[in-house]
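Reader: I would like to learn how to read a structure like this one. Could you take me through some features?

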Amino acid sequence: MRSKILYTAGSIVALLVVLTIFFSIRPEGFLRRNEAAVTQAEVEAAGAVVTFTGKKAGADIPRVTGAEDFMAQYPFEQFTVEPVNAVPTGVYELARWRSSTAVVGHRTRNYSQATTSALWAMTGYNEYYIIEFPDGTHALALFDRGLAADLAKGKAVTLPISARAGVNTYAKPYLQDICAEYGADLENVVYAFDDDWYKEHSGQILLIRLGVTAGVIVAVAVLWAFVEGLLKRKRTRRT
């Protein structure tokens with residue numbers, strides 16, 4: 001009975017580890033490594049009907065340096081931010097390029113529009129950050145967590161081309177307190193994701209995640225078999 005419980009617990013832990021590895025793999029940086037920066041001339045030539053949100057920002061893309069400047073931006077205007085800090089809120093919204101429903105087997109699964117569960121958020125959610133502008137003011141922002149990690153390490157970061165977008169309605173109740181604490185507007189967010197790119201490359205991202213996860217599992221299994229073989233030989237020698 002005890003061995004059965006231990007086996008079940010071990011299986012659950014192993015499954016959680018595999019899922020954590022799978023959802024932690026972020027191949028976007030690799031896939032977009034050769035992407036050229038967009039210049040202000042390209043933005044102006046394309047006009048307001050074309051959005052470059054989420055693309056690499058060129059050196060001449062306007063820099064927003066404070067909350068007042070951010071709130072003055074129209075939704076169609078393209079800009080970037082060089083934040084000096086990013087505070088994770090622990091609040092996540094369903095990625096805007098994803099559908100809120102998915103067919104699993106013969107059942108339709110509905111995904112929450114917002115969550116505060118870091119584990120559940122790994123299945124396709126983006127975390128809200130409170131960014132600090134160079135002038136010391138703050139705003140909500142949605143951007144890749146790899147850039148947030150760089151900021152936490154003290155690195156200089158330029159966000160991809162961004163736009164002023166609305167905050168997910170379902171996320172607002174979770175964000176009220178932290179927005180009040182930092183004086184950030186609850187209705188607007190610096191949005192820096194390229195939704196079309198993620199939608200187009202979702203299959204490729206899935207395959208890379210599956211491949212890397214499978215490779216890790218095989219490597220661990222080989223290492224485990226090797227260590228187990230060594231232990232068996234040692235026990236045989238002692239006998």
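Author: We will go through salt bridges, a helix cap, a loop contact and surface patches. Keep in mind that this is a predicted model.

Reader: How many salt bridges does the structure hold?

Author: A salt bridge pairs a side-chain nitrogen of Lys or Arg with a carboxyl oxygen of Asp or Glu within 4 Å. The structure holds five of them. In one, Glu 82 pairs with Arg 63, and their closest N and O atoms are 3.2 Å apart.

Reader: Why does the pair of Glu 82 and Arg 63 tie together parts that are apart in sequence?

Author: Look at where each partner sits. Glu 82 is in the loop between strands E2 and E3, while Arg 63 belongs to strand E1, so the pair ties together parts 19 residues apart in sequence. Glu 82 is partly exposed, at 35% relative accessible area, and Arg 63 is also partly exposed, at 26%.

Reader: Which residue forms a salt bridge with Lys 172?

Author: That is Glu 187, with the closest N and O atoms 2.6 Å apart. This pair links distant parts of the chain: Lys 172 lies in helix H7, and Glu 187 in the loop between H7 and strand E10.

Reader: Is Lys 172 buried or exposed?

Author: Buried means under 20% relative accessible area. Lys 172 has 18%, so it counts as buried, whereas Glu 187 is partly exposed at 42%.

Reader: What caps the N-terminal end of helix H6?

Author: For a cap of this kind, look for a side-chain atom beside a backbone atom at the end of a helix. Here Asp 144 does the capping: one of its side-chain oxygens lies 2.7 Å from the backbone nitrogen of Gly 146. Just after H6, Gly 154 takes a positive phi of about 90°.

Reader: Where is Thr 53 found?

Author: Thr 53 is in the loop between helix H3 and strand E1. Its relative accessible area is 11%, so Thr 53 is buried. The side chains of Thr 53 and Thr 51 are joined by a polar contact of 2.9 Å.

Reader: Which residues make the nonpolar surface patch?

Author: Leu 223, Phe 226, Val 227, Leu 230 and Leu 231 make this patch of about 450 Å². Leu 230 lies in helix H9 and is partly exposed, at 34% relative accessibility.

Reader: And which residues form the positive surface patch?

Author: Lys 232, Arg 233, Lys 234, Arg 235, Arg 237 and Arg 238 form it. Arg 238 is found in helix H9 and counts as exposed, at 73% relative accessibility.

Conventions:
Residues are numbered from 1 along each chain as its sequence is written. This is a predicted model: local features need pLDDT of at least 70, side-chain atom pairs count only at pLDDT 80 or more; totals for chains, interfaces and linings use all residues. Side-chain values use heavy atoms; hydrogens and water are left out. Patches are made of residues with over 30% relative accessible area and no salt bridge: like charges are joined within 9 Å, nonpolar side chains (Val, Leu, Ile, Met, Phe, Trp, Tyr) within 5 Å. Accessible areas come from the Shrake-Rupley method with a 1.4 Å probe; for residues, only the protein chains shown count as cover. Lys and Arg count as positive and Asp and Glu as negative; His and the chain ends are not counted. The place of a charge is taken as NZ of Lys, CZ of Arg, CG of Asp or CD of Glu. Helices (H or I, at least four residues) and strands (E, at least two) are DSSP runs, numbered from the N terminus. Buried means under 20% relative accessible area, exposed over 50%, partly exposed in between (1.4 Å probe, protein chains only). A polar contact is a pair of N or O atoms within 3.5 Å; within protein, one must be able to donate a hydrogen and the other to accept it, and residues adjacent in sequence count only if both atoms are side-chain atoms.
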